[in-house]
Amino acid sequence: MILISACLAGFNVRYDGGNARNNLAVKLVALGQAITVCPEIMGGFATPRVPAEIQGGTGRDVLTGRAKVMNREGRDVTRQYLQGAQMVLKIARDHGVTAAFLKQKSPACGTKLIYDGKFAGNKVPGAGVTATLLPDHGIKCFGDEDLTLANVRPYVDAVTWENLHHDNLRP
Ligand code: SF4
């Protein structure tokens with residue numbers, strides 16, 4: 001089973017009330033090959049919400065207590081991000097998830113890039129909290145830029161592959 005950031009599957013769960021719909025993500029969910037999660041919603045946030053960024057490090061530093069997640073109003077929301085990550089991990093385990101495709105740049109879902117904590121739009125290398133926890137437990141994490149037929153092929157069944165292949169679906 002594949003796990004996908006809910007915003008990529010078209011759900012309006014982003015901080016601004018929008019989504020980041022990706023056609024291949026939507027199709028994988030419709031075909032029963034993927035489940036969706038939003039670590040921020042699972043951490044207890046509403047939509048819309050005040051945006052947050054990791055300050056003082058990366059998702060790894062948050063997991064080890066060396067950095068915090070702060071929202072733009074200066075509120076420490078680290079606990080919510082840790083809770084969301086743990087809930088996603090539990091769901092992933094319960095559903096036999098082996099791979100995840102996650103939205104880049106989020107303090108929860110980013111796999112290679114996150115914002116630097118200054119709320120100025122600057123990106124730095126690093127992963128978010130959930131995107132760090134999942135690989136620690138054997139789940140391969142890709143960014144949304146990796147949502148391609150070639151990359152999903154190892155994780156879908158033969159019938160689904162034929163369906164996707166004939167669609168020639170592109171993100
Ligand atoms: Fe999308 Fe992840 Fe942000 Fe939720 S936490 S809106 S799934 S990027």
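1. About 530 Å³ of space lies in the largest pocket of this predicted model. A pocket here is an open set of points on a 1 Å grid over the protein atoms alone, with protein on both sides within 12 Å along at least five of seven lines. The volume is the space filled by probe spheres set on the points. The model is a prediction in which local features need pLDDT of at least 70 and side-chain atom pairs count only at pLDDT 80 or more, while totals for chains, interfaces and linings use all residues. Residues are numbered from 1 along each chain as its sequence is written, and side-chain values use heavy atoms, with hydrogens and water left out.

2. The lining of the largest pocket comprises 31 residues (those with an atom within 4 Å of a point), and Arg14, Tyr15, Glu40, Ser106 and Pro107 lie nearest its centre. Helix 2 (39–42) and strand 3 (52–55) are the elements that give two or more residues to this lining. Helices (H or I, at least four residues) and strands (E, at least two) are DSSP runs, numbered from the N terminus. By class, the lining has 19 nonpolar, 5 polar and 7 charged residues.

3. The ligand sits in the largest pocket, in the sense that more than half of its atoms lie within 2 Å of the grid points. There are 13 residues around the ligand, and Cys7, Cys38, Glu40, Lys103 and Cys109 come nearest; a residue is near if one of its heavy atoms lies within 4 Å. This shell divides into 7 nonpolar, 2 polar and 4 charged residues. Cys counts as nonpolar, and Glu and Lys count as charged.

4. The count of aromatic pairs comes to 3, where rings of Phe, Tyr and Trp (its six-membered ring) pair if their centres lie within 6.5 Å, and planes under 30 degrees apart count as stacked, over 60 as edge-to-face and the rest as tilted. The Phe45 and Tyr81 pair is tilted, because the ring centres are 5.6 Å apart and the planes stand at 55°. Phe45 lies in the loop between helix 2 and strand 3 and Tyr81 in helix 4 (residues 78–94), so the pair ties together parts 36 residues apart in sequence. Phe45 is buried, with a relative accessible area of 16%, and Tyr81 is buried at 4%; buried means under 20% (1.4 Å probe, protein chains only).

5. Phe101 and Phe142 have ring centres 4.6 Å apart and planes at 10°, so this pair is stacked. Phe101 belongs to strand 5 (residues 99–102) and Phe142 to strand 8 (residues 140–143), so the pair ties together parts 41 residues apart in sequence. Both Phe101 and Phe142 are buried. Ring pairs link Phe101, Phe142 and Tyr155 into a cluster.

Note on methods
1 Å grid on protein atoms, 1.4 Å probe; cavity = no way out; pocket = protein on both sides within 12 Å on 5 of 7 lines; lining within 4 Å. Buried < 20%, exposed > 50% of the residue type's maximum accessible area, 1.4 Å probe, protein only.
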